[in-house]
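Trainee: Could we go through this model together, one question at a time, and could you begin with a term that we will need for the charged side chains?

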Amino acid sequence: MSVTDPQPPVPDAGADAAQEALRDRIAADSLTTRRDYLRIVATVSGGLAVGGVAVASGILHRHGDADGVPEVKRIADVILPGESLAFRYPGDEDRAIAVRMEDGTLAGYSAVCTHLACAVLWRKDRGSEGELYCPCHEGVFDARTGEVTAGPPPRGLPKVILVEQVDGSVWAIGTARSGESLQEGYCRQRGAGTPPCAALRADAPAGRPGTERSERA
């Protein structure tokens, strides 16, 4: 009688995918603050339909909507291509994310999904050049614009205005609301007297002083 070694089990691709999805949800949950959970509970307790309307219409707090001018804040010594960085801006409770794509493009966004305030994660391996992804309800945002590309989010991600110094350091200098260009957000917060804002007002269409929409901020 011969004895043979037991063969190792064949990996289950479906199980691997399920485990990856679970890890995403756990990561999102770990980034969701107690305040966010209370906001979600309050929304659900008022009725799912009513809560959905409230979030979609912007009744709940939006990223960077606090009064006053946001501080200028150094967020990184350097961000390399393909990397992302989670940080807090403009307030200590405002979760944000910076990403640099392989071509060097640097972008910053609120890391709070516009659907039900779950955490938004950077997934470099998704799509042709990476995606901003909310695992709670499969929401997907374009990494270059912050606009919704899939799932239930009702609007794009608010932006964080980032600048890079000659030494490679990255600084956050303001925020822009969903649908607002970086320049509009900067001028709304910093005032119309700054040089870029004066140029924006000069170029504004008749009847809409001081405004100019941009699809790709």
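Mentor: A salt bridge here is a side-chain nitrogen of Lys or Arg within 4 Å of a carboxyl oxygen of Asp or Glu. The model is predicted, and therefore local features need pLDDT of at least 70 and side-chain atom pairs count only at pLDDT 80 or more, while totals for chains, interfaces and linings use all residues. Residues are numbered from 1 along each chain as its sequence is written, and side-chain values use heavy atoms, with hydrogens and water left out.

Trainee: Which residue's side chain meets that of Arg 123 in a salt bridge?

Mentor: Arg 123 is buried, at a relative accessible area of 11%, where buried means under 20% relative accessible area, exposed over 50% and partly exposed in between, with a 1.4 Å probe and protein chains only. With 3.1 Å from N to O, the side chain of Arg 123 meets that of Asp 125.

Trainee: Is Glu 131, which forms a salt bridge with Arg 126, buried or exposed?

Mentor: The closest N and O atoms of this pair are 3.0 Å apart, and Arg 126 counts as partly exposed at 25% relative accessibility. Glu 131 has a relative accessible area of 19%, and it is therefore classed as buried.

Trainee: Which residues have the most contacts inside the largest nonpolar core?

Mentor: A nonpolar core is a set of buried Ala, Val, Leu, Ile, Met, Phe, Trp, Tyr and Cys residues joined through side-chain atoms within 4.5 Å. In soluble globular proteins, nonpolar side chains tend to be buried together. The largest such core in this model has 15 residues, and those with the most contacts inside it are Ile 97, Trp 122 and Leu 132.

Trainee: What is the relative accessible area of Phe 87?

Mentor: Phe 87 lies in strand S2, residues 84-88. Leaving aside neighbours within four places in sequence, Phe 87 is in contact with residues including Ile 75, Ile 97, Val 160 and Leu 162. Phe 87 is classed as buried because its relative accessible area is 10%.

Trainee: Which residue in S10 is the bridge partner of Val 160?

Mentor: Two strands pair if DSSP finds at least two bridges between them. S9 (residues 159-164) is joined to S4 by two bridges, running antiparallel, and to S10 (residues 170-176) by six bridges, also antiparallel. In S9, Val 160 is the bridge partner of Gly 108, and in S10 the partner of Val 160 is Thr 175.

Trainee: What is the omega value of the peptide bond that joins Tyr 89 and Pro 90?

Mentor: Pro 90 is found in the loop between S2 and S3. The bond joining Tyr 89 and Pro 90 is a cis peptide bond, with omega at about 0 degrees.

Trainee: What is phi of Ala 117?

Mentor: Ala 117 is found in the loop between S4 and strand S5 (121-123), and it counts as buried because its relative accessible area is 8%. Phi is positive here in a residue other than glycine, with a value near 70 degrees.

Technical notes
Helices (H or I, at least four residues) and strands (E, at least two) are DSSP runs, numbered from the N terminus. Contact means heavy atoms within 4.5 Å.
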